[in-house]
Amino acid sequence: MTAVAPIEVPCPQCAVPADAESLRCPSCREDLAALVRLRYAGRIDYNEALERIRAGDDAAALLLLRRAVRQEPGLRPALDLLAEVTARAGAADA
Ligand SMILES: [Zn+2]
């Protein structure tokens with residue numbers, strides 16, 4: 001289990017990736033911070049879920065992982081981990 005790598009968020013106008021420091025478009029200077037947060041939301045939840053699992057809190061991790069895949073349906077590590085934690089929860093209930 002590893003944290004997912006950062007992703008580039010391009011400016012909707014210029015298709016230039018946001019500057020990692022200022023979160024602004026290097027071309028038109030548009031503030032892309034809100035867009036970056038939105039784009040990263042699933043990964044932030046996924047990384048938080050990893051922390052919860054390390055702390056032994058599968059129930060909290062499940063909620064975070066479900067939200068992560070809703071926010072970013074193609075986020076493979078979150079889908080895999082969701083399946084794993086769901087299976088573990090099912091086994092615990094049996
Ligand atoms: Zn721009």
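Which residues in α1 meet which residues in α2? In this predicted model, local features need pLDDT of at least 70 and side-chain atom pairs count only at pLDDT 80 or more, while totals for chains, interfaces and linings use all residues. Residues are numbered from 1 along each chain as its sequence is written.

The residues that meet, with C-beta atoms placed from the backbone and lying within 7 Å, are A41, G42, D45, Y46, E48, A49, R52 and I53 in α1 and D58, A60, A61, L64, L65, R67, A68 and Q71 in α2. By class, this contact has nine nonpolar residues (Ala, Val, Leu, Ile, Met, Phe, Trp, Tyr, Cys and Pro), five charged ones (Asp, Glu, Lys and Arg) and two polar ones (the others, Gly among them).

| Helix | Residues |
|---|---|
| α1 | 33–54 |
| α2 | 58–71 |

The two helices pack at an angle of about 165°, with axes 8 Å apart; axes are lines fitted to C-alpha atoms over the stretch in contact, and angles run from 0 to 180 degrees between N-to-C directions. That makes α1 roughly antiparallel to α2 (over 145 degrees).

The protein chain has three helices and zero strands, where helices are DSSP runs of H or I with at least four residues and strands are runs of E with at least two. Its radius of gyration, taken over C-alpha atoms, is 16 Å, well over the 12 Å that the globule rule (2.2 Å times the number of residues to the power 0.38) gives for 94 residues, so the chain is more spread out than a compact globule. The C-alpha trace spans about 55 × 20 × 20 Å along its principal axes.

Definitions and conventions: Parallel < 35°, antiparallel > 145°, perpendicular 65-115°, else oblique. Contact = placed C-beta atoms within 7 Å.
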